[in-house]
Amino acid sequence: MKQFLVYGASMLAVALGGAAVAQDLGGQYVQVAEIEVDPAQLDAYRVAVQEQIGAAIREEPGVLVLYAVSEKDDPARVKVFEIYRDRKAYEAHLGSDHFKKYKATVERMVKSLKLVQATPIALGAKTK
């Protein structure tokens, strides 16, 4: 989990374009989604999650970070690291048209989903 959070922080630094990032995440809503995808539908799942994340980042100012990664040794195990401005931004995300489309699209692809609420301790990264 620590490596996943460090990876997420690294990607955040790249996205923000700064040389280094150390951020106070005081009131932000953070969670990790642990998803098991039907291996036969993994390519279709990847397309759906990329589309959903792209739309959320473009269209929702309260969505700060969404990173989807899969386990190297078991690509059907996906984790999504999520940071929202606050709980209300997370709830708005759940009600968005693109998220509803994603959920309908992946309904039969996802074998299990576990949402883990997280409390950030420290996120920091260098881009180089």
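Residues are numbered from 1 along each chain as its sequence is written. The model is predicted, so local features need pLDDT of at least 70 and side-chain atom pairs count only at pLDDT 80 or more, while totals for chains, interfaces and linings use all residues; side-chain values use heavy atoms, with hydrogens and water left out.

Confidence comes first. pLDDT is the predictor's confidence in each residue, from 0 to 100. Its mean over the protein chain is 83. A value of 70 or more is reached by 76% of the residues. Among the elements, helix H2 (residues 42-59) has the highest mean pLDDT, 98. Strand E1 (residues 20-22) has the lowest, 35. Over residues 1-24 the pLDDT is below 50. This stretch still has 40 contacts in the model beyond near neighbours in sequence; contact means heavy atoms within 4.5 Å. Where pLDDT is low, the predicted coordinates should not be read in detail.

Next, the layout. The protein chain has 4 helices and 6 strands. Both are DSSP runs numbered from the N terminus: helices are H or I with at least four residues, strands are E with at least two. Along the sequence the pattern reads α-β-β-α-β-β-α-α-β-β. The chain has 128 residues, and 37% of them count as buried. Buried means under 20% relative accessible area, exposed over 50%, and partly exposed in between, with a 1.4 Å probe and protein chains only. Of the contacts between residues at least 6 apart in sequence, 76% join residues at least 24 apart.

Now take H2. This helix has 18 residues and reaches 26 Å from its first C-alpha to its last. That is close to the 26 Å expected at 1.5 Å a residue, where the expected span is 1.5 Å times one less than the number of residues. Its buried residues are Leu 42, Tyr 45, Ala 48, Val 49, Gln 52, Ile 53, Ala 55 and Ala 56. They lie on the same side of H2 because they cover an arc of only 165° around the axis. The arc is that of the directions from the helix axis to the C-beta atoms. On the other side of H2, Asp 43, Val 47, Gln 50 and Arg 58 are exposed. The buried residues pack against strands E2 (29-37), E3 (63-70), E4 (77-84) and E5 (110-118), and against helices H3 (87-95) and H4 (97-106).

How does H4 sit against H2? The two axes come within 9 Å and cross at roughly 170°, so H2 is roughly antiparallel to H4. Axes are lines fitted to C-alpha atoms, for helices over the stretch in contact, and angles run from 0 to 180 degrees between N-to-C directions. Angles under 35 degrees count as roughly parallel, over 145 as roughly antiparallel, 65 to 115 as roughly perpendicular and the rest as oblique. From H2, the residues that meet H4 include Tyr 45, Glu 51 and Glu 59. Their partners in H4 include Lys 101 and Thr 105.

H4 has its own buried side. His 98, Phe 99, Tyr 102 and Val 106 are buried there. They cover an arc of only 100° around the axis, which puts them on the same side of H4. The face turned away carries the exposed residues Asp 97 and Ala 104. The cover over the buried side includes E2, H2, H3 and E5. Val 106 has 3% relative accessibility. Leaving aside neighbours within four places in sequence, Val 106 contacts Tyr 45 and Ala 48. Val 106 and Val 49 are 57 residues apart in sequence, yet 8.6 Å apart in space, C-alpha to C-alpha.

H3 and H4 pack at about 60°, with axes 5 Å apart. That makes H3 oblique to H4. The contact is made by His 93, Leu 94 and Gly 95 of H3 and Asp 97, His 98, Phe 99 and Lys 100 of H4.

Which residues does His 93 touch, leaving aside its neighbours within four places in sequence? They are Gln 52, Ala 56, Glu 60, Val 63, Leu 66, Tyr 84, His 98 and Phe 99. His 93 is buried, at 2% relative accessible area.
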